[in-house]
Amino acid sequence: MGVIANYQLLGDRELGQLLEISNRENYLKFVEELQERDDFILLDIGKMWDALHFIFCGIGAGTPIEGYPLSEAVVGQYVICEDYFVYYTDRERVRKIVRALENVDYKKIICNIDVDSCKERGVYPNIWNKSKEEIITDLMEVFENMKKFYREAYENRKNILISIY
């Protein structure tokens with residue numbers, strides 16, 4: 001199946017509950033229970049998280065860039081559980097991320113993707129044998145969905161929970 005990334009809108013109450021958890025297995029249980037709820041908005045970008053981070057930051061998601069909104073859009077702002085890659089971004093930071101997502105010339109960046117470089121550097125997922133057009137189409141769709149999701153978070157003053165496992 002692979003390692004996938006999910007993004008969830010999270011209210012202050014739920015974020016407070018999550019931050020009170022002290023056992024790492026309970027983080028996963030809490031996150032997965034939220035994902036099952038019908039009243040929580042979830043964005044699933046599948047396996048494209050590392051590719052997005054690489055395209056916009058020049059490095060894989062395993063090396064987040066603190067304070068850089070495009071990095072934080074993919075991997076979050078604060079660590080909750082590093083073992084399971086559970087992070088969050090507070091609602092105050094979401095505004096800057098929305099601005100960065102809306103101002104980046106993502107079409108140009110994605111269309112100019114160096115597929116060979118991604119392949120050589122082992123950027124996840126291993127999609128680099130597909131046609132460049134297919135990869136571009138997939139990345140464009142994921143980016144557009146992410147931009148809409150962050151816009152919704154901003155408009156509703158929500159935090160964002162990010163889980164990649």
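Guide: α3 (49-57), α4 (69-75) and α8 (132-155) each supply at least two residues of the lining of the largest cavity; helices here are DSSP runs of H or I with at least four residues, strands are runs of E with at least two, and both are numbered from the N terminus. A word on the source: this is a predicted model, in which local features need pLDDT of at least 70 and side-chain atom pairs count only at pLDDT 80 or more, while totals for chains, interfaces and linings use all residues. Residues are numbered from 1 along each chain as its sequence is written, and side-chain values use heavy atoms, with hydrogens and water left out.

Rolling a probe the size of a water molecule over the atoms shows where empty space is left. In this case a cavity is a set of points, on a 1 Å grid over the protein atoms alone, where a 1.4 Å probe fits but cannot get out, and lining residues have an atom within 4 Å of a point. Grid points are joined across faces, edges and corners, and a volume is the space filled by probe spheres set on the points. The count comes to one cavity of 30 Å³ or more, and the largest cavity has a volume of about 40 Å³.

Its lining is made up of L52, F56, L70, A73, V74, L101, F143 and M146. With three residues, α4 gives the most to this lining. By class, the lining has eight nonpolar, no polar and no charged residues; Ala, Val, Leu, Ile, Met, Phe, Trp, Tyr, Cys and Pro count as nonpolar, Asp, Glu, Lys and Arg as charged, and the others, Gly among them, as polar.

Now to α3 itself. Nine of its nine residues are buried, where buried means under 20% relative accessible area, exposed over 50%, and partly exposed in between (1.4 Å probe, protein chains only). Among these buried residues are L52 and F56, which are also in the cavity lining. Just after α3, G58 takes a positive phi of about 85 degrees.

K130 counts as partly exposed because its relative accessibility is 32%. Leaving out residues up to four places away in sequence, K130 touches I135 and D138, contact meaning heavy atoms within 4.5 Å. The side chains of K130 and D138 are joined by a polar contact of 2.8 Å; that term means a pair of N or O atoms within 3.5 Å, and within protein one must be able to donate a hydrogen and the other to accept it, with residues adjacent in sequence counting only if both atoms are side-chain atoms. The loop between α7 and α8 also holds P125, and a cis peptide bond, with omega about 0 degrees, joins Y124 and P125.

Past the other end of α8, R157 sits in the loop between α8 and β5 (159-164). Phi of R157 is near 50 degrees, a positive value in a residue other than glycine, and R157 is partly exposed because its relative accessible area is 45%.

Definitions and conventions: On a 1 Å grid over the protein atoms alone, a cavity is a set of points where a 1.4 Å probe fits but cannot get out, and a pocket is an open set with protein on both sides within 12 Å along at least five of seven lines; lining residues have an atom within 4 Å of a point.
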